[in-house]
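Subject: A structure for you to look at

Hi there,

Here is the structure I promised to pass on to you. Please open it alongside this email, and my notes on what turned up follow below.

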Amino acid sequence: MVAHLLKLKLALLRNGLRRSPWQLVGMAFAGLYALGLVVTLVVALVLLRTAPQDVAYTAVVLGGSAAILGWGIVPVVASATDMTLDPARFTTFAIPMKQMLAGLALGGLIGIPGLATSLVALSTVATWWRGFLPALAAAAGAVLGVLTCVVLAKVVTTATASLASSRRFKDVSAIAFMVPLVLMGPIVAGIGQGIPASTGFLPVFAQTLSWTPLGAPWAISGEVAAGRPGSAVLKLLISAATLAVLAWAWKVLLERALVTPPYAGSGKRKGGRLGLLGLLPAVPAGAVMARSLTYWFRDPRYSGSLVVIPLLPVALVFQGVQTGDFTSLAFLAPLSAFILAWSISADVSYDNTAFALHLASGIRGVADRLGRALACLAFALPVVLVFAVGYSMFTGDWAGLPGQLGLSLGILFTGLGLSSVVSARYTVAVPLPGESPFKKPPGNVGQTLAVQFGGLVVLMVLVLPEVALLVAQLVTGSPSWAGSILPPGPALASGCLWRA
Amino acid sequence: MTAPIPDPPLYDQPARAGIPAALSIRGLAKRFGGKIAVDGISLEVPAGSFYAIVGPNGAGKTTTLSMATGLLRPDFGTAVVHGVDVWRQPLEAKKLMGILPDGVRLFDRLTGEQLITYAGLLRGMDKDVVAGRVADLLAALDLQNDAGTLVVDYSAGMTKKIALASALIHAPRLLVLDEPFEAVDPVSAANIRSILDSYVASGGTVIVSSHVMDLVQRMCDHVAVVAGGRLLAAGTVDDVRGGASLEDRFVQLVGGRSHTEGLEWLRTS
């Protein structure tokens with residue numbers, strides 16, 4: 001039975017890839033990325049063999065704990081769990097629970113995250129190749145640790161399944177996940193600075209973690225190598241007990257979840273509130289604009305890209321504070337303009353087949369494009385203006401303001417025009433309506449890169465006039481150049497819109 | 001097992017003089033990769049008729065209707081609605097049609113009320129007219145109590161009803177409904193049927209696709225049988241069924257009925 005489940009998982013993976021070559025390309029990209037990461041970590045772990053014992057111990061325990069923590073957290077916040085073997089689909093087959101659990105757990109290892117974790121965990125055997133017993137202990141610890149990762153992920157997803165299937169939770173968690181992601185740079189920089197300062201702290205931290213379920217499996221080999229068999233046995237017991245408790249919890253949760261499918265309903269609401277549709281002019285373009293704006297706030301795939309914008313200045317200022325150099329802030333307004341304008345470049349792809357309504361209604365192409373562009377402009381224009389003026393206020397460089405405004409607005413308008421063309425001409429694989437913005441359909445990466453990168457190059461060519469004028473201003477120091485930057489942007493945009 | 005040989009196709013007579021066709025399609029064909037989905041279908045739908053297109057799964061019903069309504073570009077053939085060529089003058093043709101596609105997503109982050117209003121405004125209708133009709137449609141389809149709920153939280157039947165309302169808002173002369181009764185409860189189905197009946201009585205034309213032969217026999221006056229991308233029979237329901245029940249006639253035309261022998265092990269006694 002376990003073998004059947006594993007075969008099923010492989011068959012599903014293979015058939016999924018066979019459906020589109022793009023999916024294969026996307027998988028290859030993800031695979032390459034993971035491979036790079038795995039090779040780096042494996043080499044590092046092999047090299048740790050020659051490091052002093054306590055350094056190796058600290059590194060392995062901390063890394064291992066982070067892995068278990070990650071397997072526990074990521075599935076919830078990213079709602080990007082691999083559901084190819086969704087237990088709910090097996091309810092009608094009377095599969096004995098034990099065999100199903102074993103099959104699902106091992107099936108969880110098939111796939112890029114599972115394989116990568118297993119490989120890295122097993123290379124700790126090389127780190128502890130300082131004798132037969134430590135190596136054996138490392139192998140046992142790695143197996144226990146990896147299984148704990150997989151089973152923990154299953155427990156967490158099963159426990160939150162009914163919660164996660166509620167649309168509101170999905171929407172909110174998907175956006176909440178954006179925040180740490182955008183601030184990743186500053187956070188990593190902060191930790192990077194913190195580590196040298198706290199070299200005395202880390203071994204103590206690792207020592208403490210090694211007595212918890214997170215660190216115990218990774219610490220067994222270190223204890224053996226250090227000649228503390230008592231601690232080693234205790235930690236082996238801790239890890240085995242953890243795994244047993246998790247497996248038991250998973251079994252109980254699953255048994256309950258299989259007979260109580262999640263209830264996804266929500267309260268009834270009477271009508272009477274048209275929202276933006278009632279406020280904006282009742283013409284086709286106005287209706288499209290109102291619909292798009294509603295989506296910007298209700299659909300996490302859109303609002304996710306909005307969350308980046310307020311965090312952008314935070315990240316840039318943080319970087320400025322750390323390096324003492326604020327020149328990168330000058331990119332704030334143009335960069336935001338670019339991100340905002342480019343955010344509608346997959347608009348029609350996001351509509352998915354709902355776009356049939358636009359086709360069936362025989363709306364004119366211009367009204368459709370204009371409505372979408374105006375919706376984006378409605379908040380993009382104020383944001384870019386505030387950012388450009390804010391930069392001048394922050395740095396006191398008022399002479400640079402016309403140049404900033406010219407370049408940013410040029411990028412904004414030209415970008416909106418161009419992404420209107422791109423969105424109408426190229427439909428790419430994007431997360432389906434209602435899915436997490438992070439659930440990239442396989443193959444999305446390669447396709448998106450091609451379209452987006454091509455569009456980027458075209459955009460750069462189109463904003464060349466603005467850039468040239470800005471450079472002229474910087475070189476000559478004469479602000480008269482800057483004033484002339486302003487007009488070309490909107491002109492180009494209307495040109496693009498017309499052609500769309 | 002041998003399939004019964006289908007009788008020679010009963011093609012519809014050319015449109016009767018004086019009654020112009022609401023929809024006239026000529027030689028529509030579409031190929032997806034190596035598979036020919038629709039292989040030259042011609043059909044005349046008289047104005048004021050309640051027309052059913054029936055066929056087994058994968059017969060090409062949805063593909064044909066998509067091409068006839070301007071949602072999918074045909075490889076060959078033409079479609080004409082009340083004298084307007086769908087692919088030459090798409091904007092004019094689409095004004096005459098209300099379409100309920102099957103298996104197509106809706107803008108489901110709008111509330112039901114917003115979605116119908118949106119469909120009306122997209123067609124350039126006046127705001128007050130839209131507001132009045134939205135209220136009427138919500139009442140007729142029994143959706144008033146859920147008008148403010150997001151469509152994404154609707155049940156399958158409610159979603160079907162709200163899509164139908166979006167197709168009706170501009171008072172089209174021709175309604176094309178792909179599987180309109182799927183997942184709809186019997187009470188709502190009866191309501192929808194009476195709406196469609198009075199629409200046809202007032203001179204409108206309805207085309208539905210369906211698998212449910214009993215329903216077609218009771219509800220429609222014309223029927224076309226499609227299988228394997230070809231038209232097998234078309235005409236009034238009485239002509240096509242020729243005395244037998246429509247279901248028996250359909251099985252006879254399409255073939256592929258397997259006998260109930262075999263599966264002996266399934267007998268429990």
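This is a predicted model: local features need pLDDT of at least 70, side-chain atom pairs count only at pLDDT 80 or more; totals for chains, interfaces and linings use all residues.

You will find Val223(B) in strand S9 of chain B, which covers residues 222-227. With a relative accessibility of 0%, Val223(B) counts as buried.

Chain B has 269 residues, of which 51% count as buried. Its secondary structure consists of 9 helices and 10 strands. If you take the contacts in chain B with a separation of 6 or more, residues 24 or more positions apart account for 68% of them.

Chain A has 500 residues, and 44% of those count as buried. Here there are 24 helices and 0 strands. Among contacts in chain A between residues at least 6 apart in sequence, 78% join residues at least 24 apart.

**Where the chains meet**

Together they bury an area of about 3,600 Å², and carbon and sulfur atoms give 59% of that. On the chain B side, look for Arg105(B), Phe107(B) and Arg109(B): these supply 24% of the area that chain B buries against chain A, more than any other three residues.

**The nonpolar cores**

The largest nonpolar core has 107 residues, and those with the most contacts inside it are Leu412(A), Tyr118(B) and Val206(B). Leu412(A) touches Ala337(A), Ala341(A), Leu377(A), Ala380(A), Leu381(A) and Val384(A), if residues up to four places away in sequence are not counted. Another core lies apart from the largest one; it has 44 residues, including Ile68(A), Met97(A), Val146(A) and Ala219(A).

**A helix pair in chain A**

Next, have a look at helix H16 (residues 332-342) and helix H19 (residues 365-395) of chain A, whose axes come within 8 Å and cross at roughly 170°. An angle over 145 degrees counts as roughly antiparallel, so that is how H16(A) and H19(A) run relative to each other. From H16(A), the residues Leu332(A), Ala333(A), Ser336(A), Ala337(A) and Leu340(A) meet Cys376(A), Phe379(A), Ala380(A), Val383(A), Val384(A), Phe387(A) and Ala388(A) in H19(A). Sorted by class, this contact has 11 nonpolar residues, 1 polar residue and no charged ones.

**Two backbone details in chain B**

Which loop holds His82(B)? His82(B) lies between strand S4 (76-81) and strand S5 (84-85) of chain B. Although His82(B) is not a glycine, its phi is positive, at about 45°.

Glu179(B) also has a positive phi, near 50°, and is a residue other than glycine. Look for Glu179(B) in the loop between strand S7 (174-178) and helix H6 (186-201) of chain B. Is Glu179(B) buried or exposed? At 9% relative accessibility, Glu179(B) counts as buried.

Enjoy exploring, and do write back with any questions.

Best wishes

Methods:
Residues are numbered from 1 along each chain as its sequence is written. Chains are lettered from A and ligands numbered from 1 in the order in which they are written. Side-chain values use heavy atoms; hydrogens and water are left out. Axes are lines fitted to C-alpha atoms, for helices over the stretch in contact, and angles run from 0 to 180 degrees between N-to-C directions. Helices (H or I, at least four residues) and strands (E, at least two) are DSSP runs, numbered from the N terminus. Angles under 35 degrees count as roughly parallel, over 145 as roughly antiparallel, 65 to 115 as roughly perpendicular and the rest as oblique. Contact means heavy atoms within 4.5 Å. Ala, Val, Leu, Ile, Met, Phe, Trp, Tyr, Cys and Pro count as nonpolar, Asp, Glu, Lys and Arg as charged, and the others, Gly among them, as polar. A nonpolar core is a set of buried Ala, Val, Leu, Ile, Met, Phe, Trp, Tyr and Cys residues joined through side-chain atoms within 4.5 Å. Buried means under 20% relative accessible area, exposed over 50%, partly exposed in between (1.4 Å probe, protein chains only). Buried area is the accessible area (1.4 Å probe) that two parts lose on being put together, summed over both.
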